Amino acid sequence: MQNESCDNKRREVLREALVLALGSGAFGTLNAHEPKQTQNKGQIMTRFDRGLAQLQAIDGEAGQKVIDSLANIAPDLGRFIIEFAFGDIYTRGELNLQECELITLSSLLTAGGCEPQLEVHINAALNVGIAPEKVIETFMQCIPYIGFPRVLNAVFVAKKVFGERNLDINKA
């Protein structure tokens with residue numbers, strides 16, 4: 001019991017030091033349990049609200065399926081995806097949604113082994129108006145930096161997505 005009290009005191013001292021060092025505004029955004037609120041047409045929106053709206057606008061049903069698939073095993077992971085990735089990052093405003101998706105596609109391609117996530121984000125890229133040819137060209141741009149195997153994997157995922165959406169980009 002005494003160790004727990006000591007640990008709690010250390011945590012509080014560390015928090016106070018971080019607040020002083022970073023400023024309370026910056027530190028506040030690090031606390032996932034403390035909703036960051038913004039105004040939207042007179043309505044207060046939390047990080048979760050903003051993130052869920054972005055997830056639905058970008059990924060639609062596929063994004064919701066990812067979140068739903070986490071509900072029984074890692075619901076907090078789903079909440080982190082909504083709040084942080086979509087509520088904080090995608091809503092920053094400096095990049096438009098097409099630019100965000102091209103960067104996401106490039107990052108997933110580069111990481112490798114992310115084919116399920118690539119599938120979701122290729123659909124998202126199409127949802128925000130990126131032409132299929134531009135998706136393929138984005139992958140092609142990565143060949144000199146990461147090589148053929150990862151680019152081939154991404155292209156085959158794109159081929160699957162394009163087929164499911166009845167998109168034909170064959171110009172021949």
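Let's start with a charged pair: Asp88 and Arg50 join their side chains in a salt bridge, at 3.4 Å from N to O. Asp88 sits in helix H5 and Arg50 in helix H3, so this pair ties together parts of the chain that are 38 residues apart in sequence. Both Asp88 and Arg50 are buried. Keep in mind that this is a predicted model.

Arg47 belongs to helix H3 (residues 47–58) and Glu83 to helix H5 (residues 75–89), so the pair ties together parts 36 residues apart in sequence. Arg47 is buried, and Glu83 is buried too.

A search of the whole structure turns up 8 salt bridges. Some of them share partners, and that joins Arg47, Arg50, Asp76, Arg79, Glu83 and Asp88 into one network. As a general point, side chains of opposite charge can pair when their charged atoms come close.

For reference, the cut-off for buried is under 20% and for exposed over 50%.

## How H6 packs against H7

H7 has another partner to look at. Two packed helices are described by the angle between their axes and the distance between the axes. For helix H6 (residues 97–111) and helix H7 (residues 115–127), the axes come within 10 Å and cross at roughly 160 degrees. Angles over 145 degrees count as roughly antiparallel, and H6 and H7 are therefore roughly antiparallel to each other. The crossing of H6 past H7 is left-handed.

Which residues in H6 and H7 meet? On the H6 side they are Glu101, Thr104, Leu105, Leu108 and Leu109, and on the H7 side Gln117, Leu118, His121, Ile122, Ala124 and Ala125. Sorted by type, the residues of this contact of H6 with H7 come out as 7 nonpolar, 3 polar and 1 charged.

Technical notes:
Residues are numbered from 1 along each chain as its sequence is written. This is a predicted model: local features need pLDDT of at least 70, side-chain atom pairs count only at pLDDT 80 or more; totals for chains, interfaces and linings use all residues. Side-chain values use heavy atoms; hydrogens and water are left out. Axes are lines fitted to C-alpha atoms, for helices over the stretch in contact, and angles run from 0 to 180 degrees between N-to-C directions. Helices (H or I, at least four residues) and strands (E, at least two) are DSSP runs, numbered from the N terminus. Angles under 35 degrees count as roughly parallel, over 145 as roughly antiparallel, 65 to 115 as roughly perpendicular and the rest as oblique. A crossing is left-handed if the near helix is turned anticlockwise from the far one by less than a right angle, and right-handed if clockwise. Contact means heavy atoms within 4.5 Å. Ala, Val, Leu, Ile, Met, Phe, Trp, Tyr, Cys and Pro count as nonpolar, Asp, Glu, Lys and Arg as charged, and the others, Gly among them, as polar. A salt bridge is a side-chain nitrogen of Lys or Arg within 4 Å of a carboxyl oxygen of Asp or Glu. Buried means under 20% relative accessible area, exposed over 50%, partly exposed in between (1.4 Å probe, protein chains only).
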